[in-house]
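Subject: Structure for your files

Hello,

Here is the structure I said I would pass on. My notes on what was found in it follow below.

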Amino acid sequence: MAVDWSEHRFSGGALALDVANTVVLRIDPARRFDRFEKAEEVERFATAASRFCADELGGAVLTVAKPEAAKATVIRLREATDSLFRETAESGRLDADRVAELLGACSQAMQGGGTFTCQGIASTGALELEPAVAMSALRLLQPDRLSRMRICANCGWLFVDRSRNSSRIWCDMAVCGNRRKAARHYNRLKNAEVIYESVAD
Ligand SMILES: [Zn+2]
């Protein structure tokens, strides 16, 4: 079934984190799955990201020249991004080996980017997905992003917390915040029933 690349899937606050979050339930090996399993989904992601990451991309349209090659490059970037910034969100430190792996993945991704320029956007207004993700990942190394790197308390996605008092705990309040509230409500009802049953005995 085709992935619905809805706005929620772009809750990371940076293109590179939205790429990292294409592995669903990464924290639960038994249930995790990969939205980039088919190369065509990488292309469809690029189309949706052009819209939902328009601010970061300066309005550029992301393109994918060779889907299979792009998939391999983006997945290497994705794993390096997740590994480095998840560790940073947890420990507040930058692991040198993980930084090296990310820089290597970024270097590889930028070599194929024929349309890449200093401005990041060619005169055509198009930008290849691989260098765009690499540049997004490199920007995450800025201190104001590193200090705001978070892991969603519900789904485990990475996101940059841009809230004024740095207190956001959900990637997307409308989805993960509400799911947690619903789960708490359900548990309260369940506990109430247990109490009621024990009284009835
Ligand atoms: Zn979440």
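**Helix 4 and Arg 78**

Arg 78 sits in helix 4, which covers residues 67-91; helices are DSSP runs of H or I with at least four residues, strands are E runs of at least two, and both are numbered from the N terminus. This is a predicted model, in which local features need pLDDT of at least 70 and side-chain atom pairs count only at pLDDT 80 or more, while totals for chains, interfaces and linings use all residues. Residues are numbered from 1 along each chain as its sequence is written, and side-chain values use heavy atoms, with hydrogens and water left out.

With a relative accessible area of 4%, Arg 78 is buried (buried is under 20% relative accessible area, exposed over 50%, partly exposed in between, with a 1.4 Å probe and protein chains only). Setting aside neighbours within four places in sequence, Arg 78 is in contact with Val 19, Ala 20, Thr 22, Val 23, Arg 26, Asp 34 and Phe 36, where contact means heavy atoms within 4.5 Å.

Helix 4 has 25 residues and spans 35 Å from its first C-alpha to its last, close to the 36 Å expected at 1.5 Å a residue; the expected span is 1.5 Å times one less than the number of residues. Just after helix 4, Gly 92 has a positive phi of about 80 degrees.

**Chain and cores**

The protein chain has eight helices and six strands, in the order α-β-β-α-α-β-α-α-β-α-α-β-β-α along the sequence. Of its 201 residues, 42% are buried. Among contacts between residues at least 6 apart in sequence, 60% join residues at least 24 apart.

The largest nonpolar core has 41 residues, and those with the most contacts inside it are Leu 15, Phe 45, Leu 57, Leu 62, Phe 85, Leu 129 and Leu 140. A nonpolar core here is a set of buried Ala, Val, Leu, Ile, Met, Phe, Trp, Tyr and Cys residues joined through side-chain atoms within 4.5 Å. Two or more residues of this core come from each of helix 1 (15-20), helix 2 (39-52), helix 4, helix 5 (96-111), helix 6 (129-139) and strand 6. Helix 4 gives the largest share, six residues. Another core, of seven residues, lies apart from it and includes Cys 152, Cys 155, Trp 157 and Trp 170.

**Zinc site**

The protein donors of the zinc ion are the SG atoms of Cys 152, Cys 155, Cys 171 and Cys 176, 2.3 to 2.4 Å away. Donors are N, O and S atoms within 2.8 Å of the metal (3.2 Å for Na, K and Ca); water is not among the atoms, so sites may look incomplete. The donor residues are spaced C-x2-C-x15-C-x4-C in sequence. The arrangement is tetrahedral because the four donor atoms subtend angles of 106 to 118 degrees around the zinc ion; four donors count as tetrahedral if all angles lie between 85 and 135 degrees. Cys 171 and Cys 176 are buried.

**Positive phi in loops**

Most residues other than glycine have a negative phi. Leu 25, not a glycine, has a positive phi of about 55 degrees. Leu 25 lies in the loop between strand 1 (23-24) and strand 2 (33-34) and is partly exposed at 22% relative accessibility. Ser 166 has a positive phi near 50 degrees. The loop holding Ser 166 runs between strand 6 (158-160) and helix 8 (173-200), and Ser 166 is partly exposed, with a relative accessible area of 30%.

Regards

Notes
Four donors count as tetrahedral if all angles lie between 85 and 135 degrees; four count as square planar and six as octahedral if opposite donors are over 155 degrees apart and all others between 65 and 115; anything else is irregular.
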